[in-house]
Amino acid sequence: MQNMSADVARRIALGAQGFADARPTGVPTRAHLRRVLSRVKLIQIDSVNVATRAHYMPVFSRLGAYPAALIDNAAWSTKSRERLLVEYWAHEASLVPVEDWPLLHSGAKRRGWWHKYSALAAKSGLVDEIVAVVAESGPIGAGAIEKALLGSSVRDTKNWGWNWSEVKQMCEYLFGNGVLTTGTRRSFERLYDLTERVVPADVLARKVDADEGARELTARAASALGVATETDLRDYYRLPPERSRQAVAELVEAGVLEPVAVHGWGAPAYRDTAARVPRRITGRALLCPFDPLIWERARTERLFDFRYRIEIYVPAARRVHGYYVFPFLLDGHLVARVDLKSDRAGGVLLVQASHAEPGVDIGHVAAELAAELRVMAEWQGLTDVVTRPSGDLAHALSVALAR
C-alpha cells in the first residue's frame, strides 16, 4: 500500500474538484460549465436563499462570475437539446447529468424516504389521477395539480410548508420512483412533468443492475474526490455500506482505485488512479455550505484541519461563526469564514461576521477576501459589500473593502 502525505492528498482532492483549473478570462460559456460538471459530477439543491441559491454557488466558486442562465438552461430548459442536467436524489436533492439517470435508478442506492408513502399510493388511487393531470398539463406544480383534482381554487391552508397534502406526498412518491421529474422550475417551485418527456428515450432505455450501478457511481465519486476513504466515496451518492464496500473492492481489483495510507487519516483511503497531483493550488474561492468539496464535514476536517458546521438550526445565542457561513479557500487552504447575506432590497452583500483561521496573514487574507466578495456582489447585481464588526477578521476586512 502506498503512503501519502496529507498535503498531497489535499492537492489531489482540490484538483479533482476543479480548483487547479484556471478561471476563464472572458465570460464563462456552456463549455466551461461542462468542465465543472465533469469534475463535481453533481450539484446539490437546497431551498435556503440567504446569500444565493445553493446550486448556483459551486459553479461560481470554480468559474467566477458567470451567467446564471447557464445553470437554468442546463437544468430546467424546456428545450431538450439545451438540457444537460436532471433532478434526482443523489447526494441529497441534486442536479445530475442526464446520462446518469439509469445509475440512480439501478437499485444501487439506499431505499428512499418517499417509500413511506407506499401504503397511501397503493390505496388512494391518487397516483393514476396525478399522472393523468401531469400528462395533460405538465410541467405543473403540486398546488395546481391539487386544484385540478379537487376542482377548487382554494388551497387547504393546513397543508402549507412541511405539512404536505396527500397530493404533494404522491407527487414526491412519483418523483422518487422516477415516474415524474422536474420539468422546469418557477421561482424555485418544482413543476412536475413525465420523466419520458424530460429524459431522452435512449437514456431511459438503458438498464443497469444494482451492482453495476454501485460500481459506476463509486467510480464517479472517486473521480470527484481524487482520494477518499470508503465512507467518503459512499457518502457522495449515499450508497448503502454493503454495496459501497463491494464496489470499492471490485474497483480496486479492476485497477480503477489504488489503496493508499494518508498520513493522519484514521481509515484506509483509495486514490483514483486517473487523478493527477497538482504541484500547487493557487487562487481563491468562497464555498457555500453545500459545496461538494466541504459537504462531508469529517472529510473537510481531515483535508484542511478545518472544523466546520452549518449553524442554521443552532439558536442565535449559541452560534460560533454565524447563520450561513462560507469558508474561504485561498491558495489551497481554508483560511477564513464569512457569514453572508444578500440584502437584495438594499442592494448590498452583507458580511454579518468574519473570522480568520489561526496563523494566517490577516492583511493578505482580508485583501483577497475583499476582492472575492466584490466579485460575488457584482455577480448578484449588488452594488456594495458591507461588513459588520463581528469576528476577528472584521476590522481588517472593513479596511480592505474601503480601499
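At what angle do helix H11 and helix H12 pack? In this predicted model, H11 (residues 210-225) and H12 (residues 230-237) pack at about 110 degrees. Their axes lie 9 Å apart. Angles of 65 to 115 degrees count as roughly perpendicular, so H11 is roughly perpendicular to H12. H11 contributes Leu217, Thr218, Arg220, Ala221, Ala222, Ala224 and Leu225 to the contact. From H12 come Asp232, Leu233, Tyr236 and Tyr237. By class, the contact has 8 nonpolar, 1 polar and 2 charged residues.

H12 is largely enclosed by the rest of the structure, because 7 of its 8 residues are buried. The buried residues are Glu230, Asp232, Leu233, Arg234, Asp235, Tyr236 and Tyr237. Arg238 follows H12 and has a positive phi, near 55 degrees.

A separate element is the open sheet. Its 5 strands run in the order S10-S11-S12-S13-S14, and the pairing is mixed. S10 (284-286) and S14 (384-387) stand at the edges. Each has a single partner strand, so one side of each is left without a neighbour in the sheet. From one strand to the next, the twist averages 30 degrees. S10 and S11 (residues 325-330) run antiparallel and are joined by 3 bridges. Leu286 stands opposite Phe328 in S11. Helix H15 (residues 362-379) packs on this sheet. H15 touches S10, S11, S12 (333-343), S13 (348-356) and S14. The direction of H15 makes about 60 degrees with that of S10.

How values were computed
Residues are numbered from 1 along each chain as its sequence is written. This is a predicted model: local features need pLDDT of at least 70, side-chain atom pairs count only at pLDDT 80 or more; totals for chains, interfaces and linings use all residues. Side-chain values use heavy atoms; hydrogens and water are left out. Axes are lines fitted to C-alpha atoms, for helices over the stretch in contact, and angles run from 0 to 180 degrees between N-to-C directions. Helices (H or I, at least four residues) and strands (E, at least two) are DSSP runs, numbered from the N terminus. Angles under 35 degrees count as roughly parallel, over 145 as roughly antiparallel, 65 to 115 as roughly perpendicular and the rest as oblique. Contact means heavy atoms within 4.5 Å. Ala, Val, Leu, Ile, Met, Phe, Trp, Tyr, Cys and Pro count as nonpolar, Asp, Glu, Lys and Arg as charged, and the others, Gly among them, as polar. Buried means under 20% relative accessible area, exposed over 50%, partly exposed in between (1.4 Å probe, protein chains only). Two strands pair if DSSP finds at least two bridges between them.
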